Number of protein chains: 2
Amino acid sequence: MAEHKQIPDPTLLRMCRYLRILERHDDATISSAAIAEVAGVNAAQVRKDLSFFGEFGQPGVGYHTKELLASLKRMMGLDEEMEVVVVGAGALGSALINYPGFDNRGFRIVAVFDNNPAKVGHRLRGYEIMAFDRLKDTIAEHNVSLAIIAVPRTAAQAVADALIEAGVKGILNFAPVTLKVPDDVVVRSVDLTLQLETLAYYVRD
Amino acid sequence: MAEHKQIPDPTLLRMCRYLRILERHDDATISSAAIAEVAGVNAAQVRKDLSFFGEFGQPGVGYHTKELLASLKRMMGLDEEMEVVVVGAGALGSALINYPGFDNRGFRIVAVFDNNPAKVGHRLRGYEIMAFDRLKDTIAEHNVSLAIIAVPRTAAQAVADALIEAGVKGILNFAPVTLKVPDDVVVRSVDLTLQLETLAYYVRD
DNA sequence: CAGTGTGAAGCGCTTCACAGCT
DNA sequence: AGCTGTGAAGCGCTTCACACTG
């Protein structure tokens, strides 16, 4: 996590949503109320979030759409392409590789790994599937700092360990486990069934 | 959301994780400290979370694994099978249909919908893909209250509206938009790129 | 006016700390 | 002695309210 921790996590998540809203906004300016409306949050929240990064607005007018977008992208580290590796070429991994959102947002998949011998060497949407033993040199060679884990639960921690040893600093984990990682590595977990299970609670009876 | 709102949302999410930990635990008893260790949270947090549902523990001993598991499953509404429909049979939808986690946790997919004429009528892992015009009667017929949205961003709100009109009360949304829904419908959004984008912030430079 | 930026209040989740039980 | 259940403290995010600005 290092020294970046001054900005609240919920703010960071919302910032990304604001970016999308700005990208789809046609007018030259936009108010915090307008952003809030689309994002489904409080307008004061939007202003407070933005204020973490600086003062972009003009009282009585709002924010200049393009300017704000460009500034935020840069401050979020999304203004330049970022290399990512995907580990796990099962159903989920394949879907992620095909997912247009990643390409479109400046993430470039540089390699796909899987340890299933039936898959290694084959191509998946143009990417050659490599065995795990090529993790380290590939990551070093391309200077990759982000990885996506889409392997079964039982393999996830070992994969994470290998990725971290290879120098990865950020992990997006789709396996349903809590990964143990050093302090300087950031993990985000997306658990597909967890969310569905909490819905069951609200919906039953 | 209705009258269930007394339990904090973060607690609900953690409860599901505790369930998994209990399922994989071999000893007859388990302490809050042991659960906390695996879940990566504070032990007091575990006890507080559990206390929302009742008093299950035995001072000096801990919790009886199987008993606790059974009680929690029932209280979370996960003790009986629940019908789900999936809307969107693209890469993500297909991956979700294949995802073992759903089957294993008591969710039964009863129908898959997609409006792509090239897909309608075909089968996907045993499920016939149906056009959207069959949404309403299928949901009514099977008394479905949960739905998964895995369609492109632009179609998501319309799909949500149709699902809600058909009687769905809980939606797991994978499209990158904030859905507008009535108060009695619960939405959980899983945004695949959002998480990756926040990682970019921590990892850059 | 219309709308930003922000101190201060509000609120809810997390953690502490300890009484109480076995 | 070991561990639970919980009141109370702590802490951080959200919302309010308003001075300020073009």
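**Strands, burial and ring pairs**

In this predicted model, strand β8 (residues 170–173) of chain B runs parallel to β9(B), and four bridges join the two.

Student: Why are β8(B) and β9(B) called paired?
Tutor: Pairing needs at least two bridges. Four bridges join β8(B) to β9(B), so the two strands pair. Within β9(B), S189(B) stands opposite N173(B).

Student: What makes β9 of chain B an edge strand?
Tutor: β9 (186–189) pairs on one side only, and so does β5 (123–124). The open sheet has seven strands in the order β5-β6-β4-β3-β7-β8-β9 (chain B), with mixed pairing.

Student: Why is F113(B) called buried?
Tutor: Buried means under 20% relative accessible area. F113(B) has 0% relative accessibility, so F113(B) counts as buried. F113(B) is in strand β4 (residues 107–113) of chain B, and its contacts include V86(B), I129(B), F132(B) and L135(B).

Student: Which helix lies across β4 of chain B?
Tutor: Helix α7 (residues 135–142) of chain B lies across β3 (82–87), β4 and β6 (127–130), at about 160° to β4(B).

Student: How do you know that Y201(A) and Y202(A) form an edge-to-face pair?
Tutor: Ring centres must lie within 6.5 Å, and planes over 60 degrees apart count as edge-to-face. For Y201(A) and Y202(A) the values are 5.6 Å and 70°, so the pair is edge-to-face.

Student: Are Y201(A) and Y202(A) buried or exposed?
Tutor: The cut-off for buried is under 20%. Y201(A) has 4%, so Y201(A) is buried; Y202(A) has 8% and therefore counts as buried.

Key: Residues are numbered from 1 along each chain as its sequence is written. Chains are lettered from A and ligands numbered from 1 in the order in which they are written. This is a predicted model: local features need pLDDT of at least 70, side-chain atom pairs count only at pLDDT 80 or more; totals for chains, interfaces and linings use all residues. Side-chain values use heavy atoms; hydrogens and water are left out. Buried means under 20% relative accessible area, exposed over 50%, partly exposed in between (1.4 Å probe, protein chains only). Contact means heavy atoms within 4.5 Å. Axes are lines fitted to C-alpha atoms, for helices over the stretch in contact, and angles run from 0 to 180 degrees between N-to-C directions. Rings of Phe, Tyr and Trp (its six-membered ring) pair if their centres lie within 6.5 Å; planes under 30 degrees apart count as stacked, over 60 as edge-to-face and the rest as tilted. Lists of a residue's contacts leave out its neighbours within four places in sequence.
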